[in-house]
Amino acid sequence: MPLHLLAFFAHPDDETMLMGGTLALLAQQGAHVHYLCATRGEGGEAGEPPLCEVAQLGEVREQELVGAVGALRGRSLTFLGHVDPRVGPDNELFPFTDNMPHLAGQIIATIKQFDIHAVITHGSNGEYGHPTHVLCHQATVTAILSLPEEARPVLYTASASFPEHPYPRLTNENDPAHFILDLTPVLAKKTAAALCHRTQHALFVRRRSEQEGRPMSVPEIIIPVEAVHRLLPAWVGDADDPVAELLIRAGAHLSFG
Ligand SMILES: [Zn+2]
């Protein structure tokens, strides 16, 4: 039976920018990857110049994610229907719900619906500290721990940290990498998925363009390496789960950092 993997994330584009290469590699190894997105990214940017009215942003980003999931060879895409809050003054970010049991219940329902063996989600630091990413991480841990032990999917988290990471700001400092993946074989797929998120292109390239002192294109800013952390069951140094098996087959480098 193929591995049934659930990728759960807060906003359209997180799946690609945080774990798209890993997901494409796992799909290439035969895994059935199901995508679960908490919001439609209604609170995000609409592009420079804007590609749509703010009121249409959720619909537009939903379609962008449909395209990206296709590029990454996903099997299904489900939206949980939460509304992404607008960014506050001073760029303050807000979580989309304070009802953790409800969110955890939605994740459990999806795990059961697709007979999920493994889940990958945001890291414990919300990558760069995004409260909505932290919320999704915590709800996933709550969901999995609420299941009887024999029914628990393996849990991996994205954007794990390792000393040679080219952009440590985007990694979870408390989640050390267990597998480091060279994305060369799937870089075209990750790039194609990123190109689907047209409303986010200005955001994707902004910081890197400032750093480089010239306008960078989306393909240029795609990071060719990703790393994951196995959270549940706790890592004791054995690559003893079905995700680990596929990652190693895909050429992942085991990290003991
Ligand atoms: Zn996000």
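Here is a short chat about how some descriptions of this predicted model are reached.

The model is predicted, so local features need pLDDT of at least 70, side-chain atom pairs count only at pLDDT 80 or more, and totals for chains, interfaces and linings use all residues. Residues are numbered from 1 along each chain as its sequence is written.

Me: How do you know which residues of helix 6 are buried?
Reply: Count the other C-beta atoms, placed from the backbone, within 10 Å of a residue's own: 20 or more is buried, 12 or fewer is exposed, and in between is partly exposed. In helix 6 (residues 187–196), Lys 189, Lys 190, Thr 191, Ala 193, Ala 194 and Cys 196 are buried. Across the chain, 46% of the 257 residues count as buried.

Me: Why is the crossing of helix 3 and helix 5 called right-handed?
Reply: A crossing is right-handed if the near helix is turned clockwise from the far one by less than a right angle, and left-handed if anticlockwise. Helix 3 (residues 100–113) and helix 5 (residues 131–145) cross at roughly 65°, with axes coming within 8 Å. Their crossing is right-handed.

Me: Which residues of helix 3 make that contact?
Reply: Met 100, Leu 103, Ala 104, Ile 107 and Ile 108.

Notes:
Helices (H or I, at least four residues) and strands (E, at least two) are DSSP runs, numbered from the N terminus. Axes are lines fitted to C-alpha atoms, for helices over the stretch in contact, and angles run from 0 to 180 degrees between N-to-C directions. Two residues are in contact if their C-beta atoms, placed from the backbone, lie within 7 Å.
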